[in-house]
Protein chains: 2
Amino acid sequence: MSKWIYLNNQFLPEEKACLHVSDLSIQRGYGIFDFFKIIDNKPAFLEDHLNRFYQSAKQMQLPVLKKREELVSIIYTLVEKNDLSHSGIRITLTGGYSSDNYTLAEPNLILSQHLFPFTTKEIFEKGIKLITYTHQRQLPQVKSIDYAMAIWLQSLIKEKGADDVLYHTNEVITECPRANFFIVTKDGKLITPVNNILKGITRMKVLELAAGNHKVEEQPITIDYIKNAREAFITSSTKRVLPVWQIDDCIIGEKGINPVSSHLYKQLLNLEKNHLLQIAE
Amino acid sequence: MSKWIYLNNQFLPEEKACLHVSDLSIQRGYGIFDFFKIIDNKPAFLEDHLNRFYQSAKQMQLPVLKKREELVSIIYTLVEKNDLSHSGIRITLTGGYSSDNYTLAEPNLILSQHLFPFTTKEIFEKGIKLITYTHQRQLPQVKSIDYAMAIWLQSLIKEKGADDVLYHTNEVITECPRANFFIVTKDGKLITPVNNILKGITRMKVLELAAGNHKVEEQPITIDYIKNAREAFITSSTKRVLPVWQIDDCIIGEKGINPVSSHLYKQLLNLEKNHLLQIAE
């Protein structure tokens, strides 16, 4: 974790950033967050992430007591103080110190910075294996702190020799706990679920990048349908575009042959690079 | 909240009981708890609550690093230090300080004591109004800290002039966020849901108490079926037995005429009283 953490109105040394046990995240699992990359000490797609952060807060009835420009200023100060050139910043907003352990109070705001492995060429080429599991995240459009199922499934994922889990309801795919899911069909169409998911920022970028070269469809995908996919991949800020070569017992396409995800990965890296160049030093 | 809170290995003044922000309750909503009444400085049905606490911990892969007799000793010390004669104790176990904000770590154990309104004769006679809402708690058999939906629904409950929410899936009733649900049919049968619920300690006591006088069935109840009920009530440690006189727009039976719940409430009070008498001073 970072050397400095911002908590409410102060920058604190990492070890001093604590919440009282009456906070509704601890009492009732109530809170939201967002997470974005820091590359060369610059925040990637910050505007998009802040848009989503404010939306999540609003949907969860949590007032953000900092204006957007204040939050941006706090982020840049944190980046300067921590000097973790390649990392991620997490903004968390909790239900606050509740007098009865139930009623929402003034939210606690935490900004912390973390070293995080991003997908590199080597990780991309290795790809990942997913298992499927029946689960629907509650309030899926909100980036809430509710990852209880995801954490609980870690031991099963490990036991199955997999890297992550793909949620579905009645065989209809939604998302991974921290990533969106895409397939490329045999006729080169790109398909990704659209209902009951968190709409990732990287998902949005990939859809925009793909639009020029592919027929793109946002629609439900069944587990059975995936079996005929030529490629499958997941997207997230840190994972960027990451090929999936196996889901449960089913091998997707041919391992190592993924021209579409490979091209999208390169396009995304370029987009990131150009975006970061536009941010003033 | 209590004057003293037990956190891991120490009794701390209330204001000093804090968790570092890396705890998985704050990061990922991961934790369990249990809650039991303190009456005349004695814990009510402690053995049952400890049984469930250890079961929840096991199901959530959280080791309880205290043996049962140590936990009991901590509870009695806390009761003595706080001297809150009529109150509740909450034992919370969280996912711990995770180095990567995702992997389970050594759990943090918190015991706090709270003043809490118990159902009295006046509250019983007033009864409550519920609204129904489509939701299924994840890992329902575990008393987890996941109350995000319940907290989020507070504003809707208030707007509708109701007291609490009754969850259902496809019109099949499960439970309230912090209470179990029962109906009494026109022919005097007691019915309560059995699947996809948290099995409350008070629910268990009520089922035992009712067995002598009523035909009792644990089975699914549809919203439509409730409309013909003669009585409806909810049960929990603090609510004991609490009549429900309205669900959405539907009035249940005749308000104020609830011989079955009234009798069960009295039986439960007696059971509590006798149970507490058996605990040595």
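What is the handedness of the crossing of H2(A) and H3(A)?

**View 1. Helices H2 and H3 of chain A.** The crossing of H2(A) and H3(A) is right-handed (a crossing is left-handed if the near helix is turned anticlockwise from the far one by less than a right angle, and right-handed if clockwise). This is a predicted model, in which local features need pLDDT of at least 70, side-chain atom pairs count only at pLDDT 80 or more, and totals for chains, interfaces and linings use all residues. Residues are numbered from 1 along each chain as its sequence is written, chains are lettered from A and ligands numbered from 1 in the order in which they are written, and side-chain values use heavy atoms, with hydrogens and water left out. H2 spans residues 46-59 and H3 residues 68-82 of chain A; helices (H or I, at least four residues) and strands (E, at least two) are DSSP runs, numbered from the N terminus. Their axes lie 12 Å apart at an angle of about 125 degrees (axes are lines fitted to C-alpha atoms, for helices over the stretch in contact, and angles run from 0 to 180 degrees between N-to-C directions). H2(A) is therefore oblique to H3(A) (angles under 35 degrees count as roughly parallel, over 145 as roughly antiparallel, 65 to 115 as roughly perpendicular and the rest as oblique). On the H2(A) side the contact includes A:Leu50 and A:Phe53, and on the H3(A) side A:Leu71 and A:Ile75 (contact means heavy atoms within 4.5 Å). The contact residues comprise 8 nonpolar, 1 polar and 2 charged (Ala, Val, Leu, Ile, Met, Phe, Trp, Tyr, Cys and Pro count as nonpolar, Asp, Glu, Lys and Arg as charged, and the others, Gly among them, as polar).

**View 2. Helices H7 and H9 of chain A.** H7(A), residues 201-210, and H9(A), residues 259-277, cross at roughly 110 degrees, and their axes come within 10 Å. H7(A) is therefore roughly perpendicular to H9(A). A:Thr202, A:Lys205, A:Val206, A:Leu209 and A:Ala210 of H7(A) meet A:Leu264, A:Gln267, A:Leu268 and A:Leu271 of H9(A). By class, this contact has 6 nonpolar, 2 polar and 1 charged residues.

**View 3. The interface of chains A and B.** In this view, 44 residues of chain A contact 43 residues of chain B. The two chains bury about 4100 Å² between them, with 57% of it on carbon and sulfur atoms (buried area is the accessible area, 1.4 Å probe, that two parts lose on being put together, summed over both). A:Arg28, A:Tyr102 and A:Ile151 lose the most area on the chain A side, together 19% of what that side buries. The number of salt bridges between chain A and chain B is 0 (a salt bridge is a side-chain nitrogen of Lys or Arg within 4 Å of a carboxyl oxygen of Asp or Glu).

**View 4. A salt bridge in chain B.** B:Arg52 pairs with B:Asp34 in a salt bridge, the closest N and O atoms being 2.8 Å apart. B:Arg52 lies in helix H2 (residues 46-59) and B:Asp34 in strand E4 (residues 31-39), 18 residues apart. Over all chains, the whole structure has 22 salt bridges.
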